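Take a look at the assembly below. We will go through its DNA surface, its chain pairs and its domains in turn.

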4 protein chains.
Amino acid sequence: MLLTVDLQSSIPIYQQIRNQIVAQVAAGLVRPGEKLPTIRALANQLQVNLHTVNKAYQQLAQEGFIDLLGRRGAIIVQPSTKNLQQTKKSFQQAVTEAVAQGVSCSALQQLVIQTYQQLKAGKTV
Amino acid sequence: MLLTVDLQSSIPIYQQIRNQIVAQVAAGLVRPGEKLPTIRALANQLQVNLHTVNKAYQQLAQEGFIDLLGRRGAIIVQPSTKNLQQTKKSFQQAVTEAVAQGVSCSALQQLVIQTYQQLKAGKTV
Amino acid sequence: MLLTVDLQSSIPIYQQIRNQIVAQVAAGLVRPGEKLPTIRALANQLQVNLHTVNKAYQQLAQEGFIDLLGRRGAIIVQPSTKNLQQTKKSFQQAVTEAVAQGVSCSALQQLVIQTYQQLKAGKTV
Amino acid sequence: MLLTVDLQSSIPIYQQIRNQIVAQVAAGLVRPGEKLPTIRALANQLQVNLHTVNKAYQQLAQEGFIDLLGRRGAIIVQPSTKNLQQTKKSFQQAVTEAVAQGVSCSALQQLVIQTYQQLKAGKTV
DNA sequence: GTGGTCTAGACCACT
DNA sequence: GTGGTCTAGACCACT
């Protein structure tokens, strides 16, 4: 798993890690059933604190993206119907926010396509 | 301004108020430059506490949606480029989350169109 | 008086106007006793709403930078001891904020000099 | 953490608390990664309402000074580049305000040094 | 015990 | 009458 963290960003590091793992799933680079690196391994690889990675994993688990297996690591889970509906609601909310800022329908469509293609090309956004 | 709050929802009331005002802007029911109801008026209308409405207004102001004019009320502001870029980033993040949950590109496109039309028809989502 | 407004900025326009007038005073381009353009003239020049300029002038007056002469315009006032002390407090607070963010003493010194020289060269910052 | 509030001051109590915590960070009395007292503990210590302290913490979090960990308290965060640039802009604005009030460049320099030393000596300003 | 949320009631300065 | 601020007291979910 290839992740990078930007220590200069205003986005908290644990959030960056969480977002990039989600992006990797979106890109299909990791699939349901596959294992994530152990907290210790990822912390070591990224040169960040154990707690930082732990916080990212805890959030992903709470969101239903992964299952924590205790000492044996964590695995990506199959998306559940319940999570999917929650995700759709969030997506609709994001559409609403954008429209409120004056973004047009076609601009959103383009943004969807562009983002989708970048993800599938392995570029996390 | 026609808002409703669901006291049973797990979404905090102040957040519901905030979301619905954004949706009203997205629907074009209120436009930049127009005044929002006073905190007390809206609190009275929705039968919630003044502080709950105040919290929603404070958040909207901090997000750049409205301009608090002190005792003279609050007005919807013109979207700024900076906010717009932030909004696009958030939207791309929402696309990523959805794709990670297995939603297809065409499903997202449909969801964009459907949500957009509902908004323009005055249905807050 | 040469002012410019950035409609794309996330800083409210009235705030930009207010800041630039302060910067003009700092640069010595306008001096105590001198008249500011009328609200109507400035609004026309900048192609913004009367109320926007009015808000900037109201704030400047309330801060003690200018005296509103009603229909006869506004003039820059001599700095008062009371305002000066308030300004020093604000400046010390700004130093504190910067130091809290890890900015060194010498970096602040340099920033003072650099900003001062830019102002005196007529470059508003 | 040693804070004091002045109930007679025109500065809101929550703002005083916020400012003093920033000053403590500036003085190096609390460092990134360290925990802040719980809201209830600080409210009790200062003999103010829990909501007043909460408002200060919320503002600090929004400004990027602290990270709210939910029920596990709040910790001081590492300054980010983005926040730093914002802070520098604010500092330059403070220089401009002072120069507009007639403060000389050397007076500002002195004020920087003096404030810096007071902070490092543990005197919040 | 904790933070998050909500209500109820109060006082102030400003218009 | 208004927003800003503050207090007091309450319930909830989470640990």
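**The surface near DNA strand F**

The surface near DNA strand F holds 7 nonpolar, 8 polar and 3 charged residues. Here Ala, Val, Leu, Ile, Met, Phe, Trp, Tyr, Cys and Pro count as nonpolar, Asp, Glu, Lys and Arg as charged, and the others, Gly among them, as polar. The model is predicted, so local features need pLDDT of at least 70 and side-chain atom pairs count only at pLDDT 80 or more, while totals for chains, interfaces and linings use all residues. Residues are numbered from 1 along each chain as its sequence is written, and chains are lettered from A and ligands numbered from 1 in the order in which they are written.

At least two residues each come from α2 (39-46) and α3 (50-62) of chain B, and from α1 (13-26) and α3 (50-62) of chain D. The most come from α2(B), with 3 residues. Helices are DSSP runs (H or I, at least four residues), numbered from the N terminus.

**Chains C and D**

Now turn to the pairing of chains C and D. Each chain brings 34 residues to the contact. Two residues are in contact if their C-beta atoms, placed from the backbone, lie within 7 Å. On the chain C side, α1 (13-26), α4 (81-100) and α5 (105-120) each give two or more residues. The largest share is that of α4(C), with 15 residues. By class, this side of chain C has 21 nonpolar, 11 polar and 2 charged residues.

How are the two copies related? Chain C superposes on chain D by a rotation of 179° with 0.0 Å of shift along its axis, at an RMSD of 0.2 Å. This is the relation of a two-fold axis. The same surface serves both: 100% of the contact residues of chain C recur in chain D. Within chain C, Gln109(C) comes closest to the rotation axis, its C-alpha at 3.0 Å.

**Chains C and B**

Chain C also touches chain B. Here 4 residues of chain C are in contact with 6 residues of chain B. The chain C side divides into 1 nonpolar, 3 polar and no charged residues.

**Domains of chain A**

Chain A is assigned domain 1 (13-76) and domain 2 (81-120). These bounds come from an automatic or database domain assignment. Taken over C-alpha atoms, the centres of the two domains are 24 Å apart.

Methods. Least-squares fit on C-alpha atoms with pLDDT ≥ 70 in both.
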